[in-house]
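Open the model in your viewer and keep the selection tool ready. This tour goes stop by stop: what to pick next, and what is there.

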Amino acid sequence: MFESSLASLNRSLYEMQEELRRLLEIKPGVEKIYQEFIMNYPYCMEPSLSSNTWNGKVASIFNEFRESEMKDNYNNILNEQFPMILFMLQNKIKELSVDIENLYSSIAVTQMKEQEAKAKEQ
């Protein structure tokens with residue numbers, strides 16, 4: 001009885017540790033991409049349009065689109081989506097860390113109960 005319970009707990013522990021490892025592994029990459037996104041913000045409106053590059057009605061329409069759609073979407077990603085992703089990632093890391101600690105405690109209790117049961121059998 002205890003052996004199957006202990007095996008199940010150990011399997012859960014391994015899976016949680018693996019998930020935590022993967023999250024910790026990708027976190028720096030996500031943070032780096034976010035920083036790059038911040039640094040590249042000025043480029044979302046390039047090239048600037050002038051009489052030397054492109055002008056006229058089509059250029060004005062394009063520039064209005066760029067102002068209303070591209071810049072707004074870039075701001076949404078920068079100010080809402082990335083922070084939410086980083087927040088969720090950090091929360092999941094904390095949650096898994098707590099769950100792993102609790103699982104270690106459960107494993108220890110189960111091992112003690114198993115040892116007590118074996119001692120009573122003898």
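Before the first stop, one definition: a residue is buried when its relative accessible area is under 20%, exposed when it is over 50%, and partly exposed in between. Lys27 shows how this works: its relative accessible area is 22%, so Lys27 counts as partly exposed. Keep in mind that this is a predicted model.

**Stop 1: the whole chain**

Show the chain as a cartoon. It has two helices and zero strands. The radius of gyration is 27 Å, well over the 14 Å that the globule rule gives for 122 residues, so the chain is more spread out than a compact globule. Turn the view along the principal axes. The C-alpha atoms fill a box of roughly 95 × 20 × 15 Å.

Now colour by accessibility. Of the 122 residues, 19% count as buried. The chain exposes about 9,100 Å², and carbon and sulfur atoms supply 56% of that area.

**Stop 2**

As a general background, nonpolar side chains in soluble globular proteins tend to be buried together.

Zoom in on Leu20. What does Leu20 contact, leaving aside its neighbours within four places in sequence? The answer is Ile93, Leu96, Ser97 and Ile100.

**Stop 2: Ser106 and Leu13**

Select Ser106, which is found in helix H2. Ser106 has a relative accessible area of 33%, so it is partly exposed. How far apart are Ser106 and Leu13 in sequence and in space? They are 93 residues apart in sequence and 10 Å apart in space, C-alpha to C-alpha.

**Stop 3: salt bridges**

Begin in helix H1 with Glu31 and Lys27. They form a salt bridge, with their closest N and O atoms 3.7 Å apart. Why are Glu31 and Lys27 separated by about one helical turn? Because they are four residues apart in helix H1. Glu31 is partly exposed, at 33% relative accessibility. Lys27, from the opening definition, is partly exposed too, at 22%.

Move to Lys32 and Glu36. Their closest N and O atoms are 3.8 Å apart, and the two form a salt bridge. Lys32 and Glu36 are also four residues apart in helix H1, about one helical turn. Is each of the two exposed or partly exposed, and what are the values? Lys32 is exposed, with a relative accessible area of 53%. Glu36 is partly exposed, at 34%.

Switch to helix H2 and select Glu95 and Lys92. This salt bridge has its closest N and O atoms 3.3 Å apart. The two residues lie three apart in helix H2, about one turn of the helix. Glu95 counts as partly exposed at 41% relative accessibility, and Lys92 is partly exposed at 29%.

Finish this stop with Glu18, Arg21 and Glu25. They are linked in a network of salt bridges.

**Stop 4: a nonpolar surface patch**

Select Trp54, Val58, Phe62, Phe65 and Met70. These residues make a nonpolar surface patch of about 460 Å².

End on Val58. Where does Val58 lie? Val58 is in helix H2, which covers residues 57–121. Why does Val58 count as exposed? Because its relative accessibility is 53%, and exposed means over 50%.

Note on methods. Residues numbered from 1 in each chain as written. Predicted model: local features only at pLDDT ≥ 70, side-chain atom pairs only at ≥ 80, totals over all residues. Heavy atoms only, no water. Patch = residues over 30% accessible without salt bridge, like charges linked within 9 Å, V, L, I, M, F, W, Y side chains within 5 Å. Areas by Shrake-Rupley, 256 points an atom, 1.4 Å probe, with all protein chains shown as cover. Salt bridge = Lys/Arg side-chain N within 4 Å of Asp/Glu carboxyl O. Buried < 20%, exposed > 50% of the residue type's maximum accessible area, 1.4 Å probe, protein only. Rg over C-alpha atoms; globule rule 2.2 N^0.38 Å. Contact = heavy atoms within 4.5 Å.
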